[in-house]
Amino acid sequence: MMTDEALPEEFDDYKSKSQLKREMHSLLALGQRLLELKPDILNQLPLNDRLRQALEEGKRIKSFNAQKRHLQFIGKLMRDQDTEAIIATLDRLDSTSEESARRFHLLERWRDRLIDESTSQESLNELMAQCPEVEVQHVRQLIRQAHKEAANNKPPSASRKLFRYLRELDLQQNFLG
């Protein structure tokens, strides 16, 4: 009888048949999720060209059995992908995920800090430190417009524009981390 200490090193990476099946099913589920995405979101994901082509082709297939076979093919192609990076990017882009909600609230706080007159300059300096690509003049202009709108009891369109700009910056530069 062999103990755990006596097992050869080649068994350290052993996965049971059930574990392999679970992993394949999760890859199929991820592949199905990718098939349902819009092209602009797919372009932001770290996918290789062969998988991108298979996903585009999969959207054109109408036959149920052919879709099923093609999904198996996509699952096979997913084995060569960095699925953790894909899932992390999807969670960041998916508006229903917890990560997306957390980022949304962080962006709201950034916008509010920038518009708040008492912390505006400090917040702008901090934003420039975290994201050097920020267009400072554009942000300052939006802040001034937001102050004018608030003083004149107008709808907060500049505040919304500032939020959209911060969201675009985060998508491009990932300054929220």
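Begin by selecting Arg103 and Asp170, which form a salt bridge (a side-chain nitrogen of Lys or Arg within 4 Å of a carboxyl oxygen of Asp or Glu). Their closest N and O atoms are 2.9 Å apart. The pair links distant parts of the chain, 67 residues apart: Arg103 belongs to helix H6 (residues 98-115) and Asp170 to helix H9 (residues 157-173). Helices here are DSSP runs of H or I with at least four residues, numbered from the N terminus. Both Arg103 and Asp170 are buried, where buried means under 20% relative accessible area, exposed over 50%, and partly exposed in between (1.4 Å probe, protein chains only).

This is a predicted model, in which local features need pLDDT of at least 70 and side-chain atom pairs count only at pLDDT 80 or more, whereas totals for chains, interfaces and linings use all residues. Residues are numbered from 1 along each chain as its sequence is written, and side-chain values use heavy atoms, with hydrogens and water left out.

Next, select Arg111 and Asp112, a salt bridge whose closest N and O atoms are 3.3 Å apart. Arg111 is buried at 16% relative accessible area, while Asp112 is partly exposed at 42%.

Finally, select Arg113 and Glu126, where a salt bridge has its closest N and O atoms 2.7 Å apart. Arg113 lies in helix H6 and Glu126 in helix H7 (residues 120-130), so this pair ties together parts 13 residues apart in sequence. Both ends are partly exposed: Arg113 has a relative accessible area of 30%, and Glu126 one of 33%.

The structure holds three salt bridges.

Terms used
Helix = DSSP H or I, 4+ residues; strand = E, 2+ residues; numbered from the N terminus.
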